[in-house]
Amino acid sequence: MSTLAHTMMTAARSADSGLASPGELDRYPFGEAPPADRVGAPAWDGADPELGRVSRRAAGSRGRGLHGQLVQQLGQMIVSGDLGADRPLVPEEIGQRFEVSRTVVRESLRVLEAKGLVSARPNVGTRVRPVSDWNLLDPDIIEWRAFGPQRDNQRRELSELRWTIEPLAARLAAGHGREDVQQRLSDMVEIMGHAMGQGDALTFARADSEFHSLLIQVAGNRMLEHLSGIVSAALQVSGGPVAGCERPTEASLAHHGRILDALAGGDGAAAEAAMRQLLTVHPEVERVVPAPREH
């Protein structure tokens, strides 16, 4: 199986961050870890002491309140290495530390398990899993890695992944001449141009993200379509918390325009070439493409 095919299959299995179903909550009973495990239980020194109070005022990660905030906090701690592989996570201690209910803890652990960050087994308890088990294409994990100690590796890997995915998507999209899609893409380029003139990096980034995600979605390949969220996450984290992957420049805007023209003309080769030029504009991509990475 090719690397890209494996990537697509992994992305397709990316889990939803929804709440647990009633029967699944019992998978995380309190006191599940054996007494011996408690000796190595993590001290929560790296955690935000204000989480319990702040979470009552804010909507939480991705609008999910206490549950979302706890997922965010524990996820960041795991990805950053503050909670290393095979460390036990005792739900009772988590609930006490973060001042949240049993239900919130259990729901949060379920979400982290779906992302591959933790595992729960009878007579063993809930433990942090090694990096090799993580769903590295999950948008949350992408974000946590991008703003943690692994930020450089994460941004390089995202750039390489985009170089693999997006030129192909552009070539395929050129064969789908839908007027409504063409108009939406044109609107995004227009918004980007206006935002650049106003110095509005945030609006530019949002229109940029919409452009690239839409392009993948109309490529006519449902497996590629699953990767649109990955590209959106890459655009949001590659340039920092405000700007998207491409800083607002005339060169970036011109390359978007060339892609748009190629799509309108049904020229797949030109659309692919324009996308490669656009991605190479970004310095992070320029460092790693097209030269192969040494191992």
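Asp-208 is buried (under 20% relative accessible area, with exposed meaning over 50% and partly exposed in between, using a 1.4 Å probe and protein chains only), yet Asp-208 has no salt bridge. A salt bridge here is a side-chain nitrogen of Lys or Arg within 4 Å of a carboxyl oxygen of Asp or Glu. The nearest side chain of opposite charge, Arg-162, is 5.8 Å from Asp-208; Lys and Arg count as positive, Asp and Glu as negative, and His and the chain ends are not counted.

This is a predicted model, in which local features need pLDDT of at least 70 and side-chain atom pairs count only at pLDDT 80 or more, while totals for chains, interfaces and linings use all residues. Residues are numbered from 1 along each chain as its sequence is written, and side-chain values use heavy atoms, leaving out hydrogens and water.

**Around Asp-208**

- You will find Asp-208 in helix 9, residues 201-217 (helices are DSSP runs of H or I with at least four residues, strands are E runs of at least two, and both are numbered from the N terminus).
- The Asp-208 side chain makes a polar contact with the side chain of His-212 at 3.0 Å (a pair of N or O atoms within 3.5 Å; within protein, one must be able to donate a hydrogen and the other to accept it, and residues adjacent in sequence count only if both atoms are side-chain atoms).
- The side chain of His-256 also joins that of Asp-208, through a polar contact of 2.9 Å.

**Salt bridges**

- The whole structure holds 11 salt bridges.
- One of them pairs the side chains of Lys-115 and Asp-138, at 2.9 Å from N to O.
- Lys-115 sits in the loop between helix 5 (102-114) and strand 2 (118-121), and Asp-138 in the loop between strand 3 (125-128) and helix 6, so this pair ties together parts 23 residues apart in sequence.
- Lys-115 and Asp-138 are both buried.
- Arg-129 bridges to Asp-133, with the closest N and O atoms 3.6 Å apart; Arg-129 is partly exposed at 25% relative accessibility, and Asp-133 is partly exposed at 35%.
- In helix 13 (residues 268-281), Arg-276 and Glu-272 lie 4 residues apart, about one turn of the helix, and they form a salt bridge whose closest N and O atoms are 3.2 Å apart.
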